[in-house]
Amino acid sequence: MAVVILLISALLAIIVRISIIIVKGRSNRKRAIAFFHPYTNDGGGGERVLWCAIKAIQDEMPDLDSVIYTGDHDASPQSLMARASDRFGVSLISPPKVVHLHKRKWIEESTYPRFTMIGQSLGSVYLSWEALSKFTPLYYFDTSGYAFTYPLARLFSCKVICYTHYPTISADMVSRVRDRNAIYNNDTLIAKSIWLSRCKIIYYSLFSWMYGFVGSCAHLAMVNSSWTEAHILKLWRIPERTKRVYPPCDTTGLQVLPLERSTKIPIIISVAQFRPEKAHAVQLQAFEKVLGKLDVGMSKPKLQFVGSCRNKADEDRVKNLKVKAVELKVENDVEFHVNITYRDLVRLLGGATAGIHSMTDEHFGISVVEYMAAGAIPIAHNSAGPKMDIVLEEDGQQTGFLARTEEEYADAILQVLRMSEEDRLKIAAAARKRAVRFSEQRFYEDFRDSVRTILSGPPPQKNQ
């Protein structure tokens, strides 16, 4: 009996403690918009959205403080402002304030060898608790896809805004488990077992319901593509609060590059973070097939991998790709450019004949747009964003190629290498014209239109 009383007392103490922190946070909200972005050095399209979103907010409401919740302990206002400019070409009006987080390990993939999705989602709640306890803003802006944090932000009386790059769970993921397809998020052991596959379907179904509930807590949900929009509308069921805002792509800076390319050594470029879902190995194997099918007299192409590493796991993937290149005997024709500056990225894009992308169900595909704007013919995965929004005809002219298998990628690369300069320039010009639809300027306009009602309305009430 004494043990039960002790447990109840401890539970009540925890509840009281949590309640005090929440009440204190609600009563001391700062006039600020705080961006929940635990990784401010990932170097991908999500980070570009972060900086462009902050710039848009600073332009729209210069008297509203911009704050970033980050787990990067070496990040400072000045270093982040410099990073936005040097890495992405985004000039902020003023440096954002920084709130350092120390519980980021709870959202690390490596922390959860099994049940990774639910583990990271619940871990994000713990991390956001640290964030909101340290600094409670009027507006909580999630730019990293941690929807499970929204109910907590509501408890702290924040207006919740999000920019969702892709749903944490989708019908496509469930279908792959049901069809027992082995892929980066469906282990071969599970794919081979009917019983394990059924258990995972139940797990995914429960998670989908939870994800739908927490997502519906957003006051405004911006999504980055038609594919993402369709899934979010189905899961969150808040169509009146869901807006499609294409991500910012540096089409202006890249469009000044000449469309002409050197034919001495054709460059095939691949711009993507070194994450497992980016399927770099597929590109490497397709490239090996290309080298084996070159016509007599054709110039030998070079493959350039360009991307950032977030952690040791990403660095290990780069090492494994280098080993794979040696195994395929193409190491002399493959280059790796890791964590390079934006200026160097532009230089490499300006020399590329084609750009390759191979992620299944890529929510949008900023790199594909960058290829098109720079004059490199895109060869993208035949699914989701590239298929539905990007690699479409422009004024009746082809703008690129779509592929799924190694053979299809190899055939597309060979088509680009074999086409006449006149035909290549026609496709490149049409692709560049289409890329204008996804410019940074278009993002700023659509973004400001979407957030204006939230930001210009009355602040959230303390009894919300």
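Q: How many bridges join strand β2 (residues 65–70) to β3?
A: Strands of a sheet pair through backbone hydrogen bonds, either parallel or antiparallel. Here four bridges join β2 to β3, and the two run parallel. Two strands count as paired if DSSP finds at least two bridges between them. Strands (E, at least two residues) and helices (H or I, at least four) are DSSP runs, numbered from the N terminus. Within this pair, Tyr69 stands opposite Val99 in β3.

Q: What are we looking at, and what counts?
A: This is a predicted model: local features need pLDDT of at least 70, side-chain atom pairs count only at pLDDT 80 or more, and totals for chains, interfaces and linings use all residues. Residues are numbered from 1 along each chain as its sequence is written, and side-chain values use heavy atoms, leaving out hydrogens and water.

Q: What is the strand order in the open sheet of seven strands?
A: Read β3-β2-β1-β4-β5-β6-β7, with parallel pairing. β3 (97–100) and β7 (242–244) are the edge strands, and each pairs on one side only. On average, neighbouring strands of this sheet are turned by 20 degrees against each other, direction ignored.

Q: Which strands does helix α4 (residues 116–134) lie across?
A: α4 lies across β1 (30–36), β2, β3 and β4 (137–142). Its direction is about 155 degrees to β1. Angles run from 0 to 180 degrees between N-to-C directions, and axes are lines fitted to C-alpha atoms, for helices over the stretch in contact.

Q: How do α4 and α8 cross?
A: Two packed helices are described by the angle between their axes and the distance between the axes. The axes of α4 and α8 come within 11 Å and cross at roughly 25 degrees. That makes α4 roughly parallel to α8. Angles under 35 degrees count as roughly parallel, over 145 as roughly antiparallel, 65 to 115 as roughly perpendicular, the rest as oblique. α4 passes α8 in a left-handed crossing (the near helix is turned anticlockwise from the far one by less than a right angle; clockwise is right-handed). Thr116, Met117, Ile118 and Ser121 of α4 make the contact with Tyr203, Tyr204, Phe207 and Met210 of α8. Contact means heavy atoms within 4.5 Å. By class, this contact of α4 with α8 has six nonpolar, two polar and no charged residues.

Q: At what angle do helix α6 (residues 171–178) and helix α8 (residues 194–215) pack?
A: About 165 degrees, with the axes of α6 and α8 9 Å apart. That makes α6 roughly antiparallel to α8. The crossing of α6 past α8 is left-handed. Met173, Val174, Val177 and Arg178 in α6 meet Ser197, Lys200, Ile201 and Tyr204 in α8. By class, the contact of α6 with α8 has five nonpolar, one polar and two charged residues. Asp, Glu, Lys and Arg count as charged; Ala, Val, Leu, Ile, Met, Phe, Trp, Tyr, Cys and Pro as nonpolar; the others, Gly among them, as polar.

Q: What is the order in the open sheet of six strands?
A: The order is β10-β9-β8-β11-β12-β13, with parallel pairing. β10 (334–338) and β13 (401–403) stand at the edges with a single partner strand each, so one side of each has no neighbour in the sheet. Neighbouring strands of this sheet are turned by 20 degrees against each other on average, direction ignored. Strand β9 (residues 302–307) pairs with β10 in the parallel sense over five bridges. Phe305 stands opposite Phe336 in β10. Helix α13 (residues 342–350) packs on the sheet and touches β8 (267–271), β9 and β10. The direction of α13 makes about 145 degrees with that of β8.

Q: How many salt bridges does the structure hold?
A: It holds 27 salt bridges (a side-chain nitrogen of Lys or Arg within 4 Å of a carboxyl oxygen of Asp or Glu). One of them joins the side chains of Glu440 and Arg48 at 2.6 Å, N to O. Glu440 lies in helix α18 (residues 440–456) and Arg48 in helix α2 (residues 45–60), so the pair ties together parts that are 392 residues apart in sequence.
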